[in-house]
Amino acid sequence: MMSTISAGRPRAVPALRRIQAIAVRHLLVTVRNWQRVFDIAVWPAVDTILYGSIATYAQHAPAGGSARTALSVVAGIVMWHLVYQAEIAVATGFFEESHSRQLPGLLVTPLRPLEWVLGTALQGMAKVVLGVTAVAGTAALLYGYDMFDPGPGIVPVMGLLLLNGWALALIVVALVLYFGAGSEGLTWGLLFVILPLSGAFYPVSALPSAVRPLSAVLPTSYTFAAARDVTAHSASAGPHIAIAALATVALVIVSVGFVTASLRTFQRRGFISRYQ
Amino acid sequence: MTEHVMSARDLRKRYRRGVAVDGVSLDVAPGERVALVGPNGAGKTTTLMMCLGAVRPDAGTVEILGQRTERQRRAVLARVGFAAGYLPLPPHIRVIEYLTMFGRLYGSPDPKGQARAALDRFGIGHLARAIGTEMSSGQRTLVGIVKATMHAPALLILDEPTASLDPDIALRVRTSLLELCQSEGTALLVTSHNMTEVERLADRVVFLMNGRVIVDGALESVAARLGQSNLEDVYLHLSTIPQASRARRAT
């Protein structure tokens with residue numbers, strides 16, 4: 001005999017259960033992925049630091065120095081996009097392999113990891129050129145900013161910013177190799193933590209004193225300091241570029257070491273099974 | 001001259017969830033077709049991945065064409081092909097572009113020409129301009145096998161190549177593989193859950209269970225040795241006997 005549906009049952013109760021089922025399902029994913037803390041807590045805090053520090057920088061600009069403050073912010077966004085586009089190009093190149101489950105196929109060819117990075121960075125250069133042209137063109141058109149006004153001194157700074165972007169991408173790749181696809185959000189999360197702490201738009205002296213020690217250990221802080229000096233035709237640009245170069249080399253070494261160690265862990269712990 | 005195309009010795013791998021491979025030794029001779037079979041979790045894929053160097057063994061060694069995989073990775077992998085039924089083709093890329101990329105990775109002087117020739121060999125030249133997502137699973141599997149074989153490997157490693165394929169497509173894949181192995185002398189190491197497929201494709205079968213080799217022998221002799229009429233019955237027989245007995249049998 002067929003069972004019948006109870007006619008007198010209140011409809012609200014099963015509806016609430018279904019809502020609860022969906023809420024619990026998403027809550028479980030959130031609490032089991034520490035990386036999602038970025039979306040929930042870290043990004044808002046980072047935004048506060050970023051805009052608070054821009055405001056502090058503007059507030060403390062000397063009389064008649066507001067033009068220089070504005071230049072610093074516009075130059076900062078153009079320079080920042082070198083880091084941003086370089087990082088995104090390499091990191092999303094890796095995700096392309098990861099999402100389409102191509103990693104096992106690539107890992108068993110003669111391809112070296114470094115060759116993969118260089119190939120991805122090479123195609124990424126096209127994206128960098130396109131992205132930075134869009135930003136620099138907009139800045140030139142709307143704000144009269146000429147990114148090449150500082151002269152040839154800007155070239156090594158741009159090179160260092162590219163290297164910073166690629167090194168940060170390797171750190172993200174290392175985290176994804178180790179922790180899995182849940183870490184992919186760090187591609188953007190890591191950048192937007194580094195953005196305010198590196199003083200892309202203002203000197204690190206504009207940062208709250210509590211976070212300045214974090215800024216001091218970030219190689220990108222020194223590269224952006226050099227970029228600001230070059231943009232402002234400062235006499236200290238040369239020494240700052242040298243310091244930025246050393247800091248960038250250190251970041252590249254750390255990121256290459258990190259991604260190498262993560263790849264070893266990936267192979268040792270059989271994480272390739274994630275793609276089966 | 002190297003006696004074996006591949007020689008794995010006492011491979012061991014333990015994951016957090018337990019032992020995956022527990023002392024597997026496996027030789028594959030030139031032109032030999034070896035099937036690695038066993039239930040889910042027996043250690044087949046982990047064994048294959050260790051042979052390919054994609055998973056690092058806790059202990060044991062793998063030599064391919066006389067060279068240790070972990071020391072001469074690039075040289076070894078240049079002579080090995082790999083495809084798996086569970087690995088898709090990338091989206092947004094045409095078959096010919098995908099195969100050309102792999103031709104370049106294997107150092108082919110004419111990757112595009114090699115890709116076209118390989119597609120024609122498997123009778124799927126008409127798929128050259130298709131995109132992975134536009135094709136049936138059988139066509140994708142064939143393209144995966146073309147990718148694995150286009151650089152004329154000495155050893156072809158296939159993980160579940162015909163899983164979830166229709167019988168007619170699976171037959172076409174098997175026929176193409178047999179032709180390749182016979183004409184090129186390519187050695188084949190393949191995993192499968194399909195015993196009928198194993199009987200038609202392999203000339204030697206290795207049963208794995210709980211990470212150990214339980215039975216290793218010529219296809220025609222294994223069933224007879226265990227008093228069974230076919231491989232399906234051998235599989236079922238080995239699945240039902242207790243672990244301790246299987247361990248004794250292995251020794």
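Me: Left-handed or right-handed: which is the crossing of H3(B) and H5(B)?
Reply: This is a predicted model, in which local features need pLDDT of at least 70 and side-chain atom pairs count only at pLDDT 80 or more, while totals for chains, interfaces and linings use all residues, and side-chain values use heavy atoms, with hydrogens and water left out. Helices (H or I, at least four residues) and strands (E, at least two) are DSSP runs numbered from the N terminus. A crossing is left-handed if the near helix is turned anticlockwise from the far one by less than a right angle, and right-handed if clockwise. By that rule, the crossing of H3(B) and H5(B) is right-handed.

Me: How are H3(B) and H5(B) oriented to each other?
Reply: Residues are numbered from 1 along each chain as its sequence is written, while chains are lettered from A and ligands numbered from 1 in the order in which they are written. The axes of H3 (residues 95-105) and H5 (residues 137-149) of chain B come within 9 Å and cross at roughly 25°; axes are lines fitted to C-alpha atoms, for helices over the stretch in contact, and angles run from 0 to 180 degrees between N-to-C directions. Angles under 35 degrees count as roughly parallel, over 145 as roughly antiparallel, 65 to 115 as roughly perpendicular and the rest as oblique. H3(B) and H5(B) are therefore roughly parallel.

Me: How many charged residues does the contact of H3(B) with H5(B) have?
Reply: Contact means heavy atoms within 4.5 Å, and here B:Val95, B:Tyr98, B:Leu99 and B:Phe102 of H3(B) meet B:Val143, B:Val146 and B:Lys147 of H5(B). Ala, Val, Leu, Ile, Met, Phe, Trp, Tyr, Cys and Pro count as nonpolar, Asp, Glu, Lys and Arg as charged, and the others, Gly among them, as polar. Six residues of this contact are nonpolar and none polar, and the number of charged ones is one.

Me: Moving to chain A, how is H3(A) oriented to H9(A)?
Reply: The axes of H3 (residues 66-99) and H9 (residues 219-231) of chain A come within 10 Å and cross at roughly 130°. That angle makes H3(A), relative to H9(A), oblique.

Me: Which residues of H9(A) make the contact with H3(A)?
Reply: H3(A) passes H9(A) in a right-handed crossing. On the H3(A) side, the contact uses A:Leu71, A:Ser72, A:Ala75, A:Met79, A:Trp80 and A:Val83. Its partners on H9(A) are A:Phe224, A:Ala227, A:Arg228 and A:Thr231.

Me: How many nonpolar residues are in the contact of H6(A) with H10(A)?
Reply: H6 (residues 154-179) and H10 (residues 237-268) of chain A have axes that come within 8 Å and cross at roughly 20°. H6(A) and H10(A) are therefore roughly parallel, and the crossing is left-handed. By class, their contact has five polar and no charged residues, and the count of nonpolar ones is 22.

Me: What is the bridge partner of B:Phe207 in S10(B)?
Reply: S9 (residues 204-209) of chain B runs antiparallel to S10(B), with six bridges joining them. Within S10(B), the partner of B:Phe207 is B:Val215.

Me: Which strands stand at the edges of the four-stranded sheet of chain B?
Reply: This open sheet has the order S2-S1-S4-S5, with antiparallel pairing. Each edge strand has a single partner, so one side of it is left without a neighbour in the sheet; these strands are S2 (18-28) and S5 (67-68).

Me: Which residue takes a positive phi in the hairpin of S4(B) and S5(B)?
Reply: Two bridges join S4(B) to S5(B), which run antiparallel, and B:Ile64 has B:Gln67 as its bridge partner in S5(B). The hairpin has two residues between the strands, and the one with a positive phi near 50° is B:Leu65.

Me: How many residues apart in sequence are the parts that B:Asp58 and B:Lys13 tie together?
Reply: B:Asp58 and B:Lys13 form a salt bridge, their closest N and O atoms being 3.2 Å apart; the term means a side-chain nitrogen of Lys or Arg within 4 Å of a carboxyl oxygen of Asp or Glu. B:Asp58 lies in the loop between H1 and S4 (59-64) of chain B and B:Lys13 in S1 (residues 6-15) of chain B, so the pair ties together parts whose separation in residues is 45.

How values were computed:
Pairing = 2+ DSSP bridges.
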